[in-house]
Amino acid sequence: MNTVINRNTAMRASVAMMALVIVAGCSDSNNDSSDNGTTPVTQTYEITVSNLSSNQPFSPLAVVLHDESYQGWSIGASATIGLEQLSESGDNTPFLAEATDANVLAVASGDGVVAPGTSGSIELDINASSDVQLTVATMLVNTNDAFAGNGGLDLSSLELGDELMIRLPIYDAGTEGNNELAGTIPGPADGGEGFNSDRDDVDVVSRHPGVVSNGDGYIDSVLEQSHRFDSPIAKLVVRRVN
Amino acid sequence: MKTKSILLLSALPFLFASPFAAAQTVDVEVTNLTQGIFFTPLLVSAHDSSTHLFEAGQSATTELQAMAEGGDISGLVTATAALGAVNSENPASGLLAPSTSTQVSDLDTGSNTHLSIVGMLLPTNDGFAGLNGWEIPQDAGTYTIYLNGYDAGTEANNELVNGGAAPGVLGIPANPGGNGGTGASGVTTTETNQTVHIHRGNVGDTDVSGGVSDVDSRIHRWLNPVAKVVVTVK
């Protein structure tokens, strides 16, 4: 069984990044917490997602801080109902409820749509923990069931003031065929249906193949050329602020 | 943690300076990330630093062409073995379906220092997923690599599924998903860049009994990367 989460690799990348930060001259290793020998009671992370697409507004961000026991999705596995709803309608409520039920560290929703060319930020507090991972998901609303995201980004080695940046790929929830037909896409390109519990596609999560659009010869598509996208589609910056 | 990081950094020059490449045992997991593209039998090859299964910007070898147009890795196996490579052939025992994984376990690389992976993308004319000469780390650990889709540059991407698998025969050998069309007129008969290059993707169409392409534009396109490789150095 494959897994999206790979702690060792993420840890390795984080350690390498930290080493660079140190060499760059930020080697003042003392902060308040280490001076008095205690660890902070809370850890606070600022999570910012920038929409790099042409014309794919992002639904309100779903943000989950968790340990290694949680996984929002996995390539080749069926999407949960929560992920299906997020990916088809943009409603992240059930997805975050599933995470809460899994006893994650914290969940949060962005307060609105993140338009192309803009960013959305969320701050989350958790009790001090040495096993912290981040999962982020947001629907590309002018699609049938595409979402941008990252599963299980390891934040354990992120110290106060540190930040890390990754770019987000696009996944396909596999729960709704990418027919691009009028009435099937909830975003402003169509104003069509969001969630539908029927699963008429491959029913496993994969990377998204992209949309075709009527600008590329698919005359029945309600999407036009501006709705096309390539990978990566978003920039994710995580900053530890406490 | 900071102390550890500095130690790690300072140790790096010594690792790179080491003149002896120790034999490594590695596990290699390959995941097909796509929603609608199959991989033909994969070749996972550990070889020396000067061996290349392919190079972007260079013409494909006849062995690479056979893999990219028909999924036949036998030529690459023979050619690399003659250079001392250690190969794992066809770990998935056939096609690697969309969104599935396969694993090569305990590959003893011997004196070989670099890893390459290739497998044809179906349905395409001469597309393949490729890793070219990734240096196997000395340190034990788990490493993740993402692979792009390449075009061998040896065949025009006409996108007609006609069984054309032999090198030089125009056409796509098969559409394993059976979810395309037939009777198309063909997208093109020329190949502009005849060196190995990043694949532009399938065009496809939505006409099941005609149109320009026998593949479906909604299903048989992809965005890079097409594969995820997790290498565990033991």
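Me: Let's begin with strand 1 of chain A. How many bridges join strand 1 to strand 4?
Reply: Nine bridges join them, with strand 1 covering residues 42-51 of chain A, and the two strands run antiparallel. Keep in mind that this is a predicted model.

Me: Which residue in strand 4 is the bridge partner of A:Gln43?
Reply: That's A:Ile126.

Me: And what order do the strands of that sheet come in?
Reply: The order is 4-1-10-7 in chain A, an open sheet of four strands with antiparallel pairing. Strand 4 (119-127) and strand 7 (163-168) are the edge strands, each pairing on one side only.

Me: How much are neighbouring strands turned against each other?
Reply: By 20° on average, ignoring direction.

Me: What holds strands of a sheet together in general, by the way?
Reply: They pair through backbone hydrogen bonds, and the pairing can be parallel or antiparallel.

Me: OK, zooming out. How many helices and strands does chain A have?
Reply: Four helices and 10 strands. Going from the N terminus, the elements of chain A read α-α-β-β-α-α-β-β-β-β-β-β-β-β.

Me: What share of chain A is buried?
Reply: Buried residues account for 47% of the 242 residues in chain A. As for contacts in chain A between residues at least 6 apart in sequence, 76% join residues at least 24 apart.

Me: Why does A:Ala106 count as partly exposed?
Reply: Because A:Ala106 has 17 other C-beta atoms within 10 Å, while being buried takes 20 or more and being exposed means 12 or fewer.

Me: Which residues is A:Ala106 in contact with, leaving aside neighbours within four places in sequence?
Reply: A:Leu65, A:Leu124, A:Asp125 and A:Ile126.

Me: Switching to chain B. What's in there?
Reply: Chain B has three helices and 10 strands, running α-β-β-β-α-α-β-β-β-β-β-β-β from the N terminus.

Me: Why call chain B as compact as a globular protein of its length?
Reply: Because its radius of gyration is 19 Å, close to the 17 Å the globule rule gives for 234 residues. The C-alpha atoms of chain B fill a box of roughly 65 × 40 × 30 Å along the principal axes.

Me: And what share of chain B counts as buried?
Reply: 50% of the 234 residues.

Definitions and conventions
Residues numbered from 1 in each chain as written. Chains lettered and ligands numbered in written order. Predicted model: local features only at pLDDT ≥ 70, side-chain atom pairs only at ≥ 80, totals over all residues. Pairing = 2+ DSSP bridges. Axes fitted to C-alpha atoms, helices over the stretch in contact; angles between N-to-C directions. Contact = placed C-beta atoms within 7 Å. Rg over C-alpha atoms; globule rule 2.2 N^0.38 Å.
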